[in-house]
Amino acid sequence: PQVCFMHIGKTAGSAVFDLLHRRFGPARTFHVGADEFDRMAGGEADRFDFVTGHFSYRHVRFFRPNRVLFSFVREPAARAQSAYWFLRSW
């Protein structure tokens, strides 16, 4: 099945992406930003075994029917604090 990682900001996304990107390789990975998911056509991600990014559930209809979809969540206060310090670093 196609592996789809729905990345929610500040919830281990980089670590998960690095691990699975090494496993699948760049030729089998579809990783684009939220805007690209909005412009994606049906079936565009079908040839990729690993799909990841900041997409929402409405984009899932463009993925293979046989898929594993997962995400990580984080305790809300810790996530907000992490986002704060991340934005401060800019």
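**A histidine and the sheet around it**

Mentor: His 7 counts as buried, because its relative accessibility is 18% (buried means under 20% relative accessible area, exposed over 50%, partly exposed in between, with a 1.4 Å probe and protein chains only). Before going on, the ground rules: this is a predicted model, where local features need pLDDT of at least 70 and side-chain atom pairs count only at pLDDT 80 or more, while totals for chains, interfaces and linings use all residues. Residues are numbered from 1 along each chain as its sequence is written, and side-chain values use heavy atoms, with hydrogens and water left out.

Back to our histidine. His 7 sits in the loop between β1 and α1; helices (H or I, at least four residues) and strands (E, at least two) are DSSP runs, numbered from the N terminus. Leaving aside residues up to four places away in sequence, His 7 touches Gly 13, Gly 53 and His 54, contact meaning heavy atoms within 4.5 Å.

Now for the elements around that loop. Helix α1 covers residues 13-24 and lies across β1 (2-6), β2, β3 and β4, running at about 155 degrees to β3. For such angles, axes are lines fitted to C-alpha atoms, for helices over the stretch in contact, and the values run from 0 to 180 degrees between N-to-C directions.

The strands form an open sheet of 4, in the order β2-β3-β1-β4, with parallel pairing. At the edges you'll find β2 (29-32) and β4 (67-70), each pairing on one side only. Direction ignored, neighbouring strands of this sheet are turned by 15 degrees against each other on average. Two strands pair if DSSP finds at least two bridges between them; β2 and β3 (residues 50-53) have 4 bridges, in the parallel sense. Within that pairing, Phe 30 stands opposite Val 51 in β3.

Zooming out, the protein has 3 helices and 4 strands, and along the sequence they follow the pattern β-α-β-α-β-β-α. Of its 90 residues, 33% count as buried, His 7 being one of the buried residues. Among contacts between residues at least 6 apart in sequence, 54% join residues at least 24 apart. Taken along the principal axes, the C-alpha atoms fill a box of roughly 40 × 25 × 25 Å.
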